[in-house]
Amino acid sequence: MAVALLAVAAIGVASTATFVARLAASARALAAATRATASVVDSLRSAPCSSLAAGSAATAAGTVRWTTTVAGATRQLHAVLTPNSGRVHAPLVEEAIIPCS
């Protein structure tokens, strides 16, 4: 009886370890996708407002597509990363308001 109980406990620990490993891999993929999107948005922030236009960029984490909208003395930037990792299940969206002087 004790051996059976110990076997069930060992299976429980192994399945928990597998779940944690998958969760950690998903977190790393999501972090990489977030960094890629933020990197593209940061590079667009440093561009002159007159040159901001819709576009796309391929990154290691996926494809980032963005659109810009003129809003007075600012530009609204809407960027969407379509991930190429099966661990990131939804597109990542980042929005920014870029002041133009």
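These exercises work through a predicted model of a protein chain.

Residues are numbered from 1 along each chain as its sequence is written. In this predicted model, local features need pLDDT of at least 70, side-chain atom pairs count only at pLDDT 80 or more, and totals for chains, interfaces and linings use all residues, while side-chain values use heavy atoms, with hydrogens and water left out.

**Exercise 1. Check the span of H1.**
Helices are DSSP runs of H or I with at least four residues, and strands are E runs of at least two, numbered from the N terminus. H1 covers residues 2-45. The expected span is 1.5 Å times one less than the number of residues. For the 44 residues of H1 that gives 64 Å. The end C-alpha atoms are 64 Å apart, so the two agree.

**Exercise 2. Decide whether leucine 23 is buried or exposed.**
Leucine 23 sits in H1. Buried means under 20% relative accessible area, exposed over 50%, and partly exposed in between (1.4 Å probe, protein chains only). Leucine 23 has 51% relative accessibility, so this residue counts as exposed.

**Exercise 3. Find what the buried residues of H1 pack against.**
The buried residues of H1 include Ala25, Ala29 and Leu44. Their partners are strands S1 (55-59), S2 (62-71), S3 (74-83) and S4 (92-99). Contact means heavy atoms within 4.5 Å.

**Exercise 4. Describe the surroundings of arginine 75.**
Arginine 75 lies in strand S3. Leaving out residues up to four places away in sequence, arginine 75 touches Cys49, Leu52, Thr69, Val70, Ala96, Ile97, Ile98 and Cys100.
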